[in-house]
Amino acid sequence: MSQLDSMDKLVSLTKRRGYVFQSSEIYGGTGSVWDYGPLGIELKRNIKEAWWSAMVHQRDDVEGIEAAILMHPRVWEASGHVDGFTDPLVECKVCKKRFRADELEGARCGRKPSKAPGAFKACELGEPRLFNLMFKTFMGPVEEAAATVYLRPETAQGSYVNFLNVQTTARQKVPFGVAQIGKAFRNEITPGNFIFRTREFEQAEMQFFVTPGTDEEWFEHWRDARMDFHTGTLGIRAESLRFSEHGPDELAHYAKRAVDIQYEFPIGWKELEGIHNRTDFDLDRHQQYSGKKMRYVEPGGGGRYIPYVVETAAGVDRMLLMVLSDAYYEQDMGRDRRTVLGIHPRLAPVKAAIFPLVRKDGLPEIATRLHDAFKAAAVPSFYDAAGSIGRRYRRQDEAGTPWCVTVDGRTNEDGTVTVRDRDTLEQVRVNADGVIDYLRERLAR
Ligand code: GAP
């Protein structure tokens with residue numbers, strides 16, 4: 001059994017099986033932007049649903065919202081993004097390629113054989129200049145500076161500016177949180193590694209408002225809760241996840257403390273999610289810039305204060321990349337080899353594939369009726385009658401489908417079907433009438 005050793009394998013498998021396509025592919029593609037296909041979007045929805053359930057539905061103290069992508073431009077002045085959300089950019093005057101000045105060592109220049117930028121005699125690197133990562137656009141018909149708005153680079157600010165709206169309407173008391181899932185945009189200088197770093201991506205972020213002085217305790221709580229989510233709910237191998245504490249010189253401008261949860265991707269250990277103690281930085285700045293009070297008033301006329309914020313900030317695309325990377329394996333089967341996406345059944349896009357063993361003896365009709373029953377029960381399933389049974393199994397293994405249900409000669413005699421397990425390859429006979437309940441029970445494990 002071997003596991004994923006290169007990102008290229010995943011790129012081609014996910015394209016072949018309809019998980020991820022390059023955006024605008026027929027025009028040559030858009031730089032580091034990707035589209036999710038039929039299976040990809042189902043997996044993404046299942047991951048987001050799992051996150052929302054854990055963060056919002058299974059708790060009393062977190063409320064969900066969906067703030068707009070376009071916000072008042074002053075928001076980004078207050079948050080520090082207009083002045084500070086920059087990366088140092090250097091350009092080679094000869095090949096015109098651009099690099100992050102702080103990542104030159106690990107970068108490769110466009111010449112062959114490829115070396116680090118500046119390593120060839122002919123290279124001529126310019127002076128580093130700060131490049132703001134926010135995408136700009138214009139609100140209304142006039143393209144002038146006063147009409148400039150930004151595509152949000154994080155969802156967090158939408159939760160801060162709505163802090164009091166949520167607190168009063170949901171009648172929450174500090175400590176409580178505001179959760180959001182939504183698109184964010186960053187004009188990254190060096191995007192890449194498939195969907196790991198893109199210019200348009202999705203975040204699942206939660207801002208937890210706490211009484212100052214309790215922030216460190218809450219930080220530890222959320223750090224551990226988020227790790228448990230990845231190992232427990234998403235079913236990721238614990239040995240492929242670790243914490244990485246930010247040193248004082250790595251902290252973002254708003255952070256008092258930050259820990260990344262890293263996953264061992266095929267490109268090495270990389271950030272999956274950040275847990276940040278953002279203190280009262282954001283609410284205090286919004287109070288200054290908007291002139292509106294951002295204070296929490298304790299019930300019964302108690303104290304008034306600006307809460308501290310403990311943030312959990314995960315990338316949805318990165319969670320999806322982690323789920324795929326963790327699930328991938330190749331297995332020697334003697335005469336051939338199978339490639340499997342062993343995705344946790346709860347997250348798998350399709351729960352069962354339904355096959356008639358042969359296209360005669362009324363088997364396709366029985367299989368079609370079974371497929372209809374799956375649709376009526378809203379259990380995602382896929383009907384496939386094309387090719388040998390072996391090939392059909394292999395296609396579903398690659399697609400990550402946990403069970404294949406085969407209607408065969410015995411079904412006509414005793415009403416049973418075969419259920420084949422993707423991971424153990426075990427086959428059991430189950431009553432066709434009870435197969436949905438059987439799989440539901442397996443899904444609930
Ligand atoms: N609100 C805090 C914040 O945005 P961040 O560490 O910059 O913090 C949070 O981003 C998460 O968003 C990251 O851990 C990562 O999973 C995801 N993310 C950030 N930039 C990304 C990009 N260019 N492409 C894909 N995901 C990205």
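This is a predicted model: local features need pLDDT of at least 70, side-chain atom pairs count only at pLDDT 80 or more; totals for chains, interfaces and linings use all residues.
Local features are given where pLDDT is at least 70 and side-chain atom pairs where it is 80 or more, while totals for chains, interfaces and linings use all residues. Residues are numbered from 1 along each chain as its sequence is written, and side-chain values use heavy atoms, with hydrogens and water left out.

**Helix α1**

Helix α1 spans residues 7–16, and M7, L10, L13 and T14 are buried in it (buried means under 20% relative accessible area, with a 1.4 Å probe and protein chains only). Seen down the helix axis, these buried residues fall within an arc of 125°, so they line one face of α1; the arc is that of the directions from the axis to the C-beta atoms. Their cover includes β2, α9, β18, β19 and α11, where contact means heavy atoms within 4.5 Å.

**The ligand**

Around the ligand there are 22 residues, of which E154, E188, E205, E271 and E311 come nearest; a residue counts as near if one of its heavy atoms lies within 4 Å. The table lists polar contacts, which are pairs of N or O atoms within 3.5 Å.

| Residue and its atom | Ligand atom | Distance |
|---|---|---|
| E188, side-chain N or O | nitrogen | 2.8 Å |
| R278, polar side-chain atom | nitrogen | 3.4 Å |
| G315, backbone N or O | oxygen | 3.0 Å |

Taken alone, the ligand exposes 560 Å², and the protein buries 93% of that (areas by the Shrake-Rupley method with a 1.4 Å probe). Strands β11, β14 and β17 each give two or more residues to the shell around the ligand, and β14 gives the most, with six residues.

How values were computed
Buried means under 20% relative accessible area, exposed over 50%, partly exposed in between (1.4 Å probe, protein chains only). Helices (H or I, at least four residues) and strands (E, at least two) are DSSP runs, numbered from the N terminus. A polar contact is a pair of N or O atoms within 3.5 Å; within protein, one must be able to donate a hydrogen and the other to accept it, and residues adjacent in sequence count only if both atoms are side-chain atoms.
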